[in-house]
Amino acid sequence: MIWYVLAVVLGLALIGAVAALIVTERRARPPKPVAASTAVVGREALDVVNAGLRRLTGECLRSGRSLPDLYGVVYSEERLGLLLAGAEEAAPAPWTAEADGERWTISPDDLHRPGPEGEPALPYALTVTVGLAGPDRVLVDLSRAAGPISVTGPDDEVRSLVRAVVTEALDSPVGALAEVTLVGSLADGRLLSGDEPRTSRLRNAASLEEAFATAASVGTGAPEPGSSDVTQIFRLIESSSRIAVHGEAPHLFVVDASQLPRREGVLAGLRRGDALLVLGEAPTGWRWRAGAGGSLDTGPLGLEITRHAGRLA
């Protein structure tokens, strides 16, 4: 009987010790952050994203492989992740394929270690921040939309989001090669309110037809062999049907829905690799909705944005 009581006591003591150890480990383990850090929200995050995209482009160029069909980027300070539209389980080093090849990740530390230099990330120059998903910064490549990207919701939320997207496209190292044209009523200067950087890459146009025509007239087309680094990128992607840019700087056009022509064929002037952002409802393409509280429903992309880019300032 004594041995039985002793065994019970020892068993209870062991259970208590294990429980205490679990509680101690849980207390010692830092909780997963629920809010984005200053480094994720700040401009330095764009430097990391730019370095990652340049490294990706360079690795694909050197290995002779096509660029991945990337539609988004997620940055959490500890990891940089690329969201792929098509699964590719063989990621180039130092990237790691996750989620059955639908996401490639890398540690920002690996981007600072000695290695091959990156290349201009021309094919991804319209990759801009759309907001935060909890502690993560989320960017989307606007050129991946098959048609207009319409943003609906309260007017102040829509305009602040679009203002943030346009400003980042012009000022971010990621979009250093991108061009932007404000169309119609948006060209009066009130959308950006003087916050835009001084650059020749920002243009105005009275109509969408004029904007498309002007962009086509100044386009460089396929660069001459050996002319620049962009030539190498052109050679890398010219045989890929999934990457739209062909040696030309991608272009973002921004227009109010009330001035979007409805007649058939009006969007024929939108080149593959360019993007059209519409304030208000557009008939086709991606449909996003900004919430009154600052959230953003990205529609078909399925990205849960808790605070859109216009709320990050």
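Visitor: Which residues does L84 touch, not counting those up to four places away in sequence?
Guide: This is a predicted model, to start with. In it, L84 touches P68, D69, L70, Y71, G101, E102 and W104.

Visitor: Where does L84 lie?
Guide: L84 is in strand β2, residues 80–84.

Visitor: Buried or exposed?
Guide: Buried. L84 has a relative accessibility of 4%, and the cut-off for buried is under 20%.

Visitor: What separates the C-alpha atoms of L84 and P68?
Guide: 6.9 Å. Along the chain, L84 and P68 are 16 residues apart.

Visitor: OK, zoom out. How many helices and strands are there in the protein?
Guide: Seven helices and 15 strands. The protein has 313 residues, and 47% of them count as buried.

Visitor: And contacts between residues at least 6 apart in sequence: what share join residues at least 24 apart?
Guide: 65% of those contacts do.

Visitor: What about the accessible surface?
Guide: About 15,300 Å² for the protein. Carbon and sulfur atoms account for 54% of that surface.

Visitor: Now the sheet. In what order do the eight strands come?
Guide: β9-β8-β10-β11-β7-β12-β13-β14. The sheet is open, with mixed pairing.

Visitor: Which strands stand at the edges?
Guide: β9 and β14, the latter being residues 304–305. Each has a single partner strand, so one side of each has no neighbour in the sheet.

Visitor: How do β12 and β13 pair?
Guide: Antiparallel, over two bridges. β12 spans residues 286–290 and β13 spans 296–297. A290 has L296 in β13 as its bridge partner.

Visitor: Which strands does helix α5 touch?
Guide: α5, residues 155–171, packs on the sheet and touches β7, β8, β9, β10, β11, β12 and β13. The direction of α5 makes about 155° with that of β11.

Visitor: And α6, which strands does that one lie across?
Guide: β8, β9, β10 and β11. α6 runs at about 170° to β10.

Visitor: Which residues of α6 are buried?
Guide: L208, A211, F212 and A215, in a helix that spans residues 208–218. Seen down the axis of α6, these buried residues fall within an arc of 95°, so they line one face of the helix.

Visitor: Why would residues three or four places apart point the same way?
Guide: Because an α-helix has 3.6 residues a turn.

Visitor: What covers the buried residues of α6?
Guide: The cover includes β8 (179–183), β9 (202–205), β10 (251–256) and β11 (275–279).

Visitor: Pick a residue in β8. What is T181 in contact with, leaving aside neighbours within four places in sequence?
Guide: R203, N204, A205, A211, H251, L252, F253 and V254. T181 is found in strand β8. T181 counts as buried, at 3% relative accessibility.

Visitor: Switching to rings. How many aromatic pairs does the structure hold?
Guide: Two. In one of them, F212 and F253 have ring centres 4.9 Å apart and planes at 90°, so that pair is edge-to-face.

Visitor: Which parts of the chain does that pair link?
Guide: Distant ones. F212 is in helix α6 and F253 is in strand β10, 41 residues apart. Both F212 and F253 are buried.

Visitor: What about W286 and W288?
Guide: W286 and W288 form a stacked pair, 6.1 Å centre to centre with 20° between the planes.

Visitor: Is W286 buried or exposed? And what about W288?
Guide: W286 is buried, with a relative accessible area of 11%. W288 counts as buried too, at 3% relative accessibility.

Key. Residues numbered from 1 in each chain as written. Predicted model: local features only at pLDDT ≥ 70, side-chain atom pairs only at ≥ 80, totals over all residues. Heavy atoms only, no water. Buried < 20%, exposed > 50% of the residue type's maximum accessible area, 1.4 Å probe, protein only. Helix = DSSP H or I, 4+ residues; strand = E, 2+ residues; numbered from the N terminus. Arc of directions from axis to C-beta. Contact = heavy atoms within 4.5 Å. Phe/Tyr/Trp six-rings, centres within 6.5 Å; stacked < 30°, edge-to-face > 60°. Pairing = 2+ DSSP bridges. Axes fitted to C-alpha atoms, helices over the stretch in contact; angles between N-to-C directions. Areas by Shrake-Rupley, 256 points an atom, 1.4 Å probe, with all protein chains shown as cover.
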